[in-house]
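I opened this model to look up its pockets and a few helix pairs. My notes follow.

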Amino acid sequence: MPPSLVLVEQHDAVRTLVLNRPDALNSFNAQLHEQLLSALEQAAGDASVRCVVLTGAGRGFCAGQDLSDPEAAPDQNLGDLIERRYQPLCLRLKSMPVPVVAAVNGVAAGAGANIALACDLVLAARSASFIQAFAKIGLVPDCGGTWLLPRLVGRARALGLALLGDKLPAAEAERIGLIWRCVEDADLRSEAQALAQRLAAMPVRALARTREAMDSAQLLDYEHALTREARQQGQLGAAHDYQEGVAAFLGKRAAVFSDR
(Lines give C-alpha, C1' and ligand atoms only; values in the text may rest on other atoms or scores of the structure.)
Protein backbone atom coordinates (compact mmCIF):
# COMPACT_ATOMS: atom_id res chain seq x y z
CA MET A 1 0.00 0.00 0.00
CA PRO A 2 1.32 3.50 -0.81
CA PRO A 3 1.85 5.78 2.20
CA SER A 4 -1.13 7.87 3.23
CA LEU A 5 -0.16 11.38 2.22
CA VAL A 6 -3.61 12.77 3.07
CA LEU A 7 -5.03 11.91 6.47
CA VAL A 8 -8.83 12.00 6.69
CA GLU A 9 -10.69 12.87 9.89
CA GLN A 10 -14.43 13.22 10.37
CA HIS A 11 -16.13 15.14 13.18
CA ASP A 12 -19.90 15.23 12.75
CA ALA A 13 -20.49 16.80 9.33
CA VAL A 14 -16.96 18.26 9.04
CA ARG A 15 -14.27 16.37 7.15
CA THR A 16 -10.67 17.40 7.76
CA LEU A 17 -8.00 16.60 5.17
CA VAL A 18 -4.44 16.77 6.51
CA LEU A 19 -1.56 17.00 4.03
CA ASN A 20 0.90 14.44 5.38
CA ARG A 21 4.41 14.92 4.01
CA PRO A 22 5.73 16.80 7.06
CA ASP A 23 9.40 16.05 6.35
CA ALA A 24 8.99 17.85 3.01
CA LEU A 25 6.79 20.63 4.42
CA ASN A 26 3.87 18.92 2.67
CA SER A 27 5.19 19.91 -0.75
CA PHE A 28 3.42 18.40 -3.74
CA ASN A 29 4.63 15.31 -5.55
CA ALA A 30 2.62 13.11 -7.89
CA GLN A 31 1.32 10.90 -5.06
CA LEU A 32 0.14 13.82 -2.92
CA HIS A 33 -1.65 15.31 -5.93
CA GLU A 34 -3.45 12.05 -6.61
CA GLN A 35 -4.43 11.44 -2.99
CA LEU A 36 -5.61 14.98 -2.30
CA LEU A 37 -7.73 15.13 -5.44
CA SER A 38 -9.20 11.73 -4.59
CA ALA A 39 -9.96 12.84 -1.02
CA LEU A 40 -11.71 15.97 -2.28
CA GLU A 41 -13.72 13.95 -4.78
CA GLN A 42 -14.79 11.57 -2.01
CA ALA A 43 -15.80 14.47 0.24
CA ALA A 44 -17.76 16.06 -2.61
CA GLY A 45 -19.64 12.83 -3.21
CA ASP A 46 -20.42 12.06 0.43
CA ALA A 47 -23.76 13.47 1.55
CA SER A 48 -22.68 13.31 5.20
CA VAL A 49 -19.99 15.95 4.58
CA ARG A 50 -21.19 19.55 4.90
CA CYS A 51 -17.85 21.34 5.29
CA VAL A 52 -14.20 20.49 4.55
CA VAL A 53 -11.13 21.69 6.44
CA LEU A 54 -7.74 21.55 4.69
CA THR A 55 -4.58 21.75 6.82
CA GLY A 56 -1.05 20.38 7.03
CA ALA A 57 0.85 18.03 9.32
CA GLY A 58 3.95 19.22 11.10
CA ARG A 59 5.48 22.69 10.88
CA GLY A 60 4.04 23.79 7.55
CA PHE A 61 0.84 23.95 5.56
CA CYS A 62 2.39 23.36 2.13
CA ALA A 63 5.67 24.50 0.59
CA GLY A 64 4.33 24.23 -2.96
CA GLN A 65 5.81 21.97 -5.60
CA ASP A 66 8.48 19.50 -4.52
CA LEU A 67 11.26 20.48 -6.92
CA SER A 68 12.93 17.09 -6.44
CA ASP A 69 9.88 15.33 -7.88
CA PRO A 70 10.64 13.90 -11.36
CA GLU A 71 7.58 15.65 -12.81
CA ALA A 72 9.15 19.04 -11.97
CA ALA A 73 12.61 18.25 -13.36
CA PRO A 74 14.14 20.89 -15.68
CA ASP A 75 13.75 18.58 -18.69
CA GLN A 76 9.99 18.29 -18.11
CA ASN A 77 7.28 20.63 -19.43
CA LEU A 78 6.03 22.59 -16.40
CA GLY A 79 2.96 23.71 -18.31
CA ASP A 80 1.97 20.08 -18.71
CA LEU A 81 2.46 19.54 -14.96
CA ILE A 82 0.20 22.50 -14.19
CA GLU A 83 -2.52 21.30 -16.54
CA ARG A 84 -2.40 17.65 -15.46
CA ARG A 85 -1.99 18.12 -11.71
CA TYR A 86 -2.77 21.60 -10.41
CA GLN A 87 -5.60 22.63 -12.71
CA PRO A 88 -7.89 19.71 -11.75
CA LEU A 89 -7.09 20.30 -8.08
CA CYS A 90 -7.86 24.01 -8.22
CA LEU A 91 -11.06 23.50 -10.19
CA ARG A 92 -12.21 20.83 -7.73
CA LEU A 93 -11.63 23.19 -4.79
CA LYS A 94 -13.58 25.96 -6.52
CA SER A 95 -16.49 23.66 -7.37
CA MET A 96 -16.90 21.84 -4.07
CA PRO A 97 -20.59 21.53 -3.13
CA VAL A 98 -19.74 22.51 0.46
CA PRO A 99 -17.61 25.29 2.00
CA VAL A 100 -13.87 24.68 2.32
CA VAL A 101 -11.83 26.17 5.17
CA ALA A 102 -8.03 26.35 5.00
CA ALA A 103 -6.29 26.13 8.39
CA VAL A 104 -2.77 27.35 7.59
CA ASN A 105 -0.46 26.08 10.30
CA GLY A 106 2.92 27.25 9.04
CA VAL A 107 4.54 28.28 5.80
CA ALA A 108 2.30 28.35 2.72
CA ALA A 109 4.58 28.97 -0.23
CA GLY A 110 4.16 29.00 -3.99
CA ALA A 111 1.41 26.65 -5.07
CA GLY A 112 0.77 25.91 -1.39
CA ALA A 113 -0.12 29.55 -0.76
CA ASN A 114 -2.49 29.70 -3.70
CA ILE A 115 -4.15 26.38 -2.83
CA ALA A 116 -4.92 27.89 0.58
CA LEU A 117 -6.22 31.10 -0.99
CA ALA A 118 -8.49 29.09 -3.31
CA CYS A 119 -10.40 27.87 -0.26
CA ASP A 120 -13.50 29.77 0.83
CA LEU A 121 -12.23 30.97 4.21
CA VAL A 122 -8.60 31.01 5.34
CA LEU A 123 -7.60 30.88 8.99
CA ALA A 124 -3.89 31.13 9.72
CA ALA A 125 -1.83 30.64 12.85
CA ARG A 126 0.01 33.76 13.96
CA SER A 127 3.33 32.10 13.17
CA ALA A 128 2.18 31.18 9.65
CA SER A 129 3.31 33.02 6.53
CA PHE A 130 2.45 33.26 2.85
CA ILE A 131 5.14 33.44 0.16
CA GLN A 132 4.65 33.90 -3.58
CA ALA A 133 7.97 32.21 -4.26
CA PHE A 134 7.67 31.83 -8.02
CA ALA A 135 9.80 34.77 -9.19
CA LYS A 136 12.72 33.46 -7.14
CA ILE A 137 13.01 30.48 -9.51
CA GLY A 138 12.07 32.30 -12.71
CA LEU A 139 8.35 31.50 -12.83
CA VAL A 140 5.00 33.29 -12.66
CA PRO A 141 2.39 32.60 -9.94
CA ASP A 142 0.35 29.51 -10.75
CA CYS A 143 -2.47 27.57 -9.07
CA GLY A 144 -4.68 30.54 -9.89
CA GLY A 145 -2.37 33.07 -8.26
CA THR A 146 -2.59 35.56 -11.11
CA TRP A 147 -6.40 35.44 -10.83
CA LEU A 148 -6.70 35.33 -7.05
CA LEU A 149 -4.14 37.87 -5.85
CA PRO A 150 -5.42 41.02 -7.63
CA ARG A 151 -8.99 40.20 -6.63
CA LEU A 152 -8.04 39.70 -2.99
CA VAL A 153 -5.65 42.60 -2.40
CA GLY A 154 -5.63 44.76 -5.57
CA ARG A 155 -3.08 45.08 -8.36
CA ALA A 156 -0.41 47.04 -6.48
CA ARG A 157 -0.17 44.62 -3.56
CA ALA A 158 -0.56 41.59 -5.84
CA LEU A 159 2.41 42.71 -7.93
CA GLY A 160 4.45 43.48 -4.84
CA LEU A 161 3.82 40.01 -3.44
CA ALA A 162 4.48 38.30 -6.78
CA LEU A 163 7.52 40.26 -7.94
CA LEU A 164 9.39 40.43 -4.64
CA GLY A 165 8.41 37.07 -3.19
CA ASP A 166 8.73 38.35 0.37
CA LYS A 167 7.39 36.41 3.33
CA LEU A 168 4.03 37.82 4.41
CA PRO A 169 3.20 37.15 8.07
CA ALA A 170 -0.31 35.92 8.84
CA ALA A 171 -1.26 39.05 10.81
CA GLU A 172 -0.33 41.24 7.85
CA ALA A 173 -2.17 38.89 5.47
CA GLU A 174 -5.30 39.47 7.54
CA ARG A 175 -4.74 43.23 7.66
CA ILE A 176 -4.56 43.59 3.88
CA GLY A 177 -7.52 41.26 3.26
CA LEU A 178 -5.62 38.31 1.82
CA ILE A 179 -7.09 35.93 4.40
CA TRP A 180 -10.14 35.83 6.66
CA ARG A 181 -8.47 35.73 10.06
CA CYS A 182 -5.21 35.25 11.97
CA VAL A 183 -5.49 33.32 15.26
CA GLU A 184 -3.11 32.22 17.98
CA ASP A 185 -1.15 29.09 17.10
CA ALA A 186 -2.61 27.03 19.93
CA ASP A 187 -6.15 27.91 18.84
CA LEU A 188 -5.88 27.18 15.12
CA ARG A 189 -7.35 23.68 15.04
CA SER A 190 -10.15 24.45 17.51
CA GLU A 191 -11.00 27.72 15.75
CA ALA A 192 -11.04 25.99 12.36
CA GLN A 193 -13.30 23.23 13.69
CA ALA A 194 -15.66 25.72 15.31
CA LEU A 195 -15.89 27.72 12.08
CA ALA A 196 -16.40 24.56 10.02
CA GLN A 197 -19.11 23.27 12.37
CA ARG A 198 -20.86 26.63 12.11
CA LEU A 199 -20.74 26.51 8.31
CA ALA A 200 -21.89 22.87 8.27
CA ALA A 201 -25.05 23.84 10.15
CA MET A 202 -25.89 26.52 7.59
CA PRO A 203 -27.58 26.05 4.17
CA VAL A 204 -24.43 24.79 2.45
CA ARG A 205 -25.94 24.71 -1.04
CA ALA A 206 -26.57 28.44 -0.77
CA LEU A 207 -23.04 28.97 0.57
CA ALA A 208 -21.51 27.13 -2.38
CA ARG A 209 -23.71 29.12 -4.78
CA THR A 210 -22.59 32.34 -3.06
CA ARG A 211 -18.95 31.46 -3.79
CA GLU A 212 -19.85 30.69 -7.40
CA ALA A 213 -21.84 33.90 -7.80
CA MET A 214 -19.11 36.12 -6.37
CA ASP A 215 -16.38 34.54 -8.47
CA SER A 216 -18.38 34.71 -11.70
CA ALA A 217 -19.55 38.27 -11.01
CA GLN A 218 -15.95 39.46 -11.34
CA LEU A 219 -16.25 38.70 -15.06
CA LEU A 220 -19.71 40.25 -15.54
CA ASP A 221 -21.05 43.75 -15.81
CA TYR A 222 -23.55 44.93 -13.20
CA GLU A 223 -26.66 44.16 -15.26
CA HIS A 224 -25.59 40.58 -16.02
CA ALA A 225 -24.62 40.03 -12.37
CA LEU A 226 -28.14 41.08 -11.36
CA THR A 227 -29.61 38.66 -13.88
CA ARG A 228 -27.43 35.83 -12.61
CA GLU A 229 -28.48 36.58 -9.02
CA ALA A 230 -32.14 36.42 -10.01
CA ARG A 231 -31.64 33.06 -11.72
CA GLN A 232 -29.84 31.60 -8.71
CA GLN A 233 -32.43 32.95 -6.28
CA GLY A 234 -35.14 31.33 -8.40
CA GLN A 235 -33.41 27.96 -8.06
CA LEU A 236 -32.62 28.28 -4.35
CA GLY A 237 -36.06 29.66 -3.56
CA ALA A 238 -37.63 26.43 -4.79
CA ALA A 239 -35.36 24.27 -2.63
CA HIS A 240 -35.94 22.81 0.84
CA ASP A 241 -33.53 25.07 2.71
CA TYR A 242 -35.33 28.28 1.78
CA GLN A 243 -38.68 26.82 2.80
CA GLU A 244 -37.15 25.58 6.06
CA GLY A 245 -35.39 28.88 6.73
CA VAL A 246 -38.56 30.89 6.30
CA ALA A 247 -40.61 28.45 8.40
CA ALA A 248 -37.99 28.53 11.16
CA PHE A 249 -37.87 32.34 11.10
CA LEU A 250 -41.65 32.64 11.31
CA GLY A 251 -41.86 29.91 13.95
CA LYS A 252 -39.05 31.46 16.01
CA ARG A 253 -37.09 28.22 16.07
CA ALA A 254 -33.69 27.00 14.88
CA ALA A 255 -33.61 25.93 11.24
CA VAL A 256 -32.46 22.45 10.23
CA PHE A 257 -30.88 22.71 6.79
CA SER A 258 -30.28 19.64 4.65
CA ASP A 259 -29.78 20.68 1.00
CA ARG A 260 -26.35 20.06 -0.49
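How many residues of the lining of the second largest pocket are nonpolar, polar and charged? I found 10 nonpolar, two polar and four charged. Here Ala, Val, Leu, Ile, Met, Phe, Trp, Tyr, Cys and Pro count as nonpolar, Asp, Glu, Lys and Arg as charged, and the others, Gly among them, as polar.

I noted the ground rules next. This is a predicted model, where local features need pLDDT of at least 70, side-chain atom pairs count only at pLDDT 80 or more, and totals for chains, interfaces and linings use all residues. Residues are numbered from 1 along each chain as its sequence is written, and side-chain values use heavy atoms, with hydrogens and water left out.

**Second largest pocket.** I read a volume of about 410 Å³. A pocket is an open set of points on a 1 Å grid over the protein atoms alone, where a 1.4 Å probe fits, with protein on both sides within 12 Å along at least five of seven lines; lining residues have an atom within 4 Å of a point. The volume is the space filled by probe spheres set on the points, which are joined across faces, edges and corners. I counted 16 lining residues, with C90, L91, K94, W147 and D215 nearest the centre. Helix 2 (78-94) gives the most, six residues. Helices (H or I, at least four residues) and strands (E, at least two) are DSSP runs, numbered from the N terminus. Domain 1 (4-199) and domain 2 (202-249) both contribute to this lining, so the pocket lies between them. The domain bounds come from an automatic or database assignment.

**Largest pocket.** I read about 710 Å³ here. It has 22 lining residues, and C119, D120, R211, M214 and D215 are the closest to its centre. Strand 7 (121-125), helix 4 (145-153) and helix 8 (204-217) each give two or more residues. Helix 8 gives the most, with six. I sorted the lining into 15 nonpolar, two polar and five charged residues.

**Helix pairs.** I checked helix 8 against helix 9 (residues 222-237): their axes come within 11 Å and cross at roughly 165°. Axes are lines fitted to C-alpha atoms, for helices over the stretch in contact, and angles run from 0 to 180 degrees between N-to-C directions. Helix 8 and helix 9 are therefore roughly antiparallel, a term for angles over 145 degrees. I then took helix 1 (residues 30-45) and helix 2, whose axes come within 10 Å and cross at roughly 25°. That makes them roughly parallel, the term for angles under 35 degrees.

Conventions. Parallel < 35°, antiparallel > 145°, perpendicular 65-115°, else oblique.
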